[in-house]
Amino acid sequence: MKLRLGDLLLSKEMITQAQLDEVLKDKPRNQKLGDALVDRGIITENKLIEVLEFQLGIPHVRLTNTEIDASLMSLVPKELARRNVYIPIRKQNDQLTVAMADPMDFYAIEDLRLSTGFQIMPVIAGKTEIIQAINKYYGKPVQGKPDGAPKKEEELEASAVKVVDQILSDAVESLASDIHIDPQEQQVLVRFRVDGVLRNEHSFPKKIQSAIISRIKVMADLDITEFRIPQDGRIKLKLNNSKVDLRISILPTMHGEKVVIRLLDLSKTNLNMSALHFTEKNERIFKSLLDRPNGLMLLTGPTGSGKTSTLYTGLSRLNREEVNIITVEDPVEYQLQGINQIQVNTSVGLTFSSGLRSILRQDPNIIMVGEIRDAETAEIAIQSSLTGHLVLSTLHTNDAISAITRLIDMGIEPYLIASSLSGVVGQRLVRKICNDCIQEYTPSEKEREIFLTRNLSVETLYRGAGCASCRNSGFKRRIPIHEVIQLDDIIRELILQKKSNDAIKKHFQENDTKWLFDDGLMKAKQGLTTIEEVISVSLVD
């Protein structure tokens, strides 16, 4: 009897039955269990490899230190290697040794045996190392200034298709949130934003620039003859067995059109409350705000701070048969079954405010407005919250308390704010220390002093040493830090009296409210992030 991965991890007490049940219930059908457990931080990739190696007797190899026979790539199609995350590394007589991220995928092993005619000897390797090896040994599209670069227009177009496909595929594998295609004077530079940081990935000859841009325009159904004005579009496709939503922005520059592509990997979407990493107190307040029958709850923070993901997590919790939830968004980022979602379209007059007015005639219980951008939208949202609706939205402010000031600046009367606003969640994203290379260190005196300013003591801090899994950055993925405030009668009175933010903040501090910086320091103490990351994204006062 072949032991399944979940049963093996349960027997080693590396996961609980509750964790296994939750992951099996929530993960996409095409996602492997091991990947789902690693993605949710329940187990690290290294720990997974260790237990498989010890329990099953399957050797572990480091591909960065292994000599790979490049001629073997002809035996296994690249698409098959990518889909199953494996790569052949050596052949001896009738035995083919294959490095696999999941050596317990017996169906993949049997398919490979039948297709190659060899007996398959699986060995374990890290998923990231395998993907890097696939990219290296199966070859990449034209880069730099290679000999024999395509000259004919048909050859350029064909090459551009491969280039764009490779860029998109690499971006998904790298967990990039954005792709920047930057036209330079002599070349085209491609950069990926990974965990909030831009880094160079590819460079291509200048002669292929227009073909690359045209290919992207065709995919996004944009005007390929227009080069003078900005254009925006959207692409939905399947890459590396993942459903990916791409938002395209094209902008004319001195050296040609610059393209920025925002990626949303729908297969990696995790709307579980645990993914928000709330403290126990903040999660309790957040849930109480969601459970109100009416009122206005706001999320604040700069662009790209994860506000929409937090809102969707809240909506997912509220999504029940007996409630009517309607959203108006620009754009609709996640499609949630059972929720009515409206896409803003300013070209036909469908704005946040007009969409919100129409929503009120649709008998909603809960309304989500993607963003409050103007006074009209703010007024309708507040009036909706005062007439029996729960309204969720976002606002661009530096901290939670400033949401009150912003609404007043928009011309909303203080008595309306005091009557409607239930609470505010301020949020930022910090890079998470890589689980595979995390290490302890003794904090410096300066670091201890920073913690002491918040009445916290610390004996041990953490950082990532850098490894293949995180591309030697020491970080992998990002997590939010928060400040969550809930309005009480005293705060409402302070708003009515038009008191300053400082007076309002003083009351919250007297009630032991934790601000962004406090929450970040606690996450650094837990080993989730570093103190440098916390300082870089939060205001210290």
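Is L175 buried, exposed or partly exposed? L175 is partly exposed, because its relative accessible area is 30%. The cut-offs are these: buried is under 20% relative accessible area, exposed is over 50%, and partly exposed is in between, with a 1.4 Å probe and protein chains only. I'll come back to L175 in a moment.

Some ground rules. This is a predicted model, where local features need pLDDT of at least 70 and side-chain atom pairs count only at pLDDT 80 or more, while totals for chains, interfaces and linings use all residues. Residues are numbered from 1 along each chain as its sequence is written, and side-chain values use heavy atoms, leaving out hydrogens and water.

Overall picture. The chain has 20 helices and 18 strands. Both are DSSP runs numbered from the N terminus: helices are H or I with at least four residues, strands are E with at least two. The C-alpha trace spans about 85 × 60 × 50 Å along its principal axes. How does the radius of gyration fit a compact globule? It agrees, because a compact globule of 541 residues would have a value near 24 Å, and the chain has 26 Å. That radius is taken over C-alpha atoms, and the globule rule is 2.2 Å times the number of residues to the power 0.38.

Now burial and surface. Of the 541 residues, 50% count as buried. The accessible surface comes to about 26,200 Å², and carbon and sulfur atoms hold 48% of it. Those areas come from the Shrake-Rupley method with a 1.4 Å probe; for residues, only the protein chains shown count as cover.

Contacts next. A contact means heavy atoms within 4.5 Å. Take contacts between residues at least 6 apart in sequence: 63% of them join residues at least 24 apart.

Charges. There are 69 positive and 73 negative charges, and their mean positions are 2 Å apart. Lys and Arg count as positive, Asp and Glu as negative; His and the chain ends are not counted. Each charge is placed at NZ of Lys, CZ of Arg, CG of Asp or CD of Glu.

Let's go to single sites. H482 sits in strand β18, residues 475-486. Its relative accessible area is 0%, so H482 is buried. The H482 side chain makes a polar contact with the side chain of Q427, at 3.5 Å. A polar contact is a pair of N or O atoms within 3.5 Å; within protein, one must be able to donate a hydrogen and the other to accept it, and residues adjacent in sequence count only if both atoms are side-chain atoms. Setting aside neighbours within four places in sequence, the contacts of H482 include L276, F278, V425, W515 and K523.

S385 is in helix α13, residues 375-386. S385 counts as buried, because its relative accessibility is 2%. Beyond four places in sequence, S385 contacts N294, G295, L296, V391 and S420.

I366 belongs to strand β13, residues 366-369. At 6% relative accessible area, I366 is buried too. With neighbours within four places left aside, I366 contacts L315, L318, N324, I325, I326 and L390.

G34 is in helix α3, residues 33-39. G34 counts as buried at 9% relative accessibility. Apart from neighbours within four places, G34 is in contact with L5 and L48.

Now an exposed site. K236 lies in strand β7, residues 231-239. K236 is exposed, because its relative accessible area is 52%. Not counting residues up to four places away, K236 touches V244, D245 and Q335.

After α9 comes D221, with a positive phi near 60°.

Back to L175, as promised. L175 is in the loop between α8 (153-173) and β4 (176-183). Its phi is near 60°, a positive value in a residue other than glycine. D512 also has a phi near 60°, and D512 is not glycine either. D512 sits in the loop between α18 (501-510) and α19 (516-525). At 45% relative accessibility, D512 counts as partly exposed.

Last item, the backbone. Which peptide bond is cis, with omega near 0°? The one from D330 to P331. P331 lies in the loop between β11 (325-329) and β12 (340-343).
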